[in-house]
Amino acid sequence: MAKTTKPSEARTPAYSRTTLSVLMGPQDANILGNVHGGHIMKLVDEAGALACMRHSGQRVVTIAVDQMSFKHPIRIGDLLTLTSEVSYVGRTSMEVEVSVEAENPTTGESWHTNTAYLVYVALDENGKPIGVPPLEPETERQRRRMAQGEARQAYRLSQARQKAALDQAAE
């Protein structure tokens with residue numbers, strides 16, 4: 001997909017959509033054959049970062065990971081597919097939704113294992129936060145997800161302010 005949008009122009013969630021597919025091997029799992037949650041989290045972070053780099057046209061760093069719950073185990077030999085898409089943007093930050101599906105490639109059976117929301121900040125060539133293009137949702141689902149992302153970001157910021165106030169009071 002050709003990327004010809006100027007950095008200041010709004011971008012759709014589809015512009016950032018990224019898909020990673022990885023076959024899970026013995027090196028990814030514990031002695032019971034279940035893939036380590038930390039390995040899945042690393043892949044989620046990579047998929048999220050790629051979507052945010054596409055959206056912003058910049059390097060990004062992870063600044064927050066919301067709760068991540070695993071609904072089903074992932075085993076050695078499963079094909080993991082991670083789909084990421086920017087769901088909300090602020091001035092320099094972007095929230096991304098990453099959906100994780102597992103598939104038994106020999107039977108074709110597949111299942112949703114988890115969805116995670118992560119937040120990244122775009123950085124300029126000096127490592128300083130830089131503005132990102134606005135997000136332009138195309139569907140009702142994307143508009144609803146963007147509104148939910150805005151609410152999640154407001155909650156994250158309020159939690160950070162509360163923690164800072166508690167830390168300052170403890171000094």
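The buried residues of helix α2 pack against α1 (13–16), β1, β2, β3, β4 and β5, where buried denotes under 20% relative accessible area, exposed over 50% and partly exposed in between (1.4 Å probe, protein chains only). Helices (H or I, at least four residues) and strands (E, at least two) are DSSP runs numbered from the N terminus, and contact denotes heavy atoms within 4.5 Å. The model is predicted; local features require pLDDT of at least 70 and side-chain atom pairs count only at pLDDT 80 or more, whereas totals for chains, interfaces and linings use all residues. Residues are numbered from 1 along each chain as its sequence is written, and side-chain values use heavy atoms, with hydrogens and water left out.

The buried set of α2 consists of Ile 40, Leu 43, Val 44, Ala 47, Gly 48, Ala 49, Ala 51, Cys 52, His 55 and Ser 56. The end C-alpha atoms of α2 are 28 Å apart, which agrees with the 28 Å that its 20 residues should span at 1.5 Å a residue; the expected span is 1.5 Å times one less than the number of residues. Just after α2, Gly 57 adopts a positive phi of about 70°.

The strands form an open sheet of five, in the order β1-β3-β4-β5-β2, with antiparallel pairing; two strands are taken to pair if DSSP finds at least two bridges between them. At the edges lie β1 (18–23) and β2 (59–65), each of which pairs on one side only. Neighbouring strands of this sheet are turned by 30° against each other on average, direction ignored. Axes are lines fitted to C-alpha atoms, for helices over the stretch in contact, and angles run from 0 to 180 degrees between N-to-C directions. Six bridges join β1 to β3 (residues 79–89) in the antiparallel sense, and Leu 23 has Leu 79 of β3 as its bridge partner.

Helix α2 (residues 37–56) packs on the sheet, where it touches β1, β2, β3, β4 (93–103) and β5, and its direction makes about 45° with that of β3. Helix α3 also packs on the sheet, touching β2, β3, β4 and β5, with its direction at about 75° to that of β3. The 31 residues of α3 reach 45 Å from the first C-alpha to the last, close to the 45 Å expected at 1.5 Å a residue. Within α3, Gln 142, Arg 145, Gly 149, Arg 152, Gln 153 and Arg 156 are buried, and their cover includes α1, β2, β3, β4 and β5.

The largest nonpolar core contains 29 residues, and Val 44, Leu 80, Leu 82 and Met 94 have the most contacts inside it. Such a core is a set of buried Ala, Val, Leu, Ile, Met, Phe, Trp, Tyr and Cys residues joined through side-chain atoms within 4.5 Å. At least two residues of this core come from each of α2, β3, β4 and β5, and α2 gives the most, with seven residues. Beyond its neighbours within four places in sequence, Val 44 is in contact with Met 68, Leu 82, Val 98, Val 100, Ala 116, Leu 118 and Tyr 120.

Ser 99 is located in strand β4 and counts as buried because its relative accessibility is 19%. Residues up to four places away in sequence excluded, Ser 99 touches Thr 81, Leu 82, Thr 83, His 112, Asn 114 and Thr 115.
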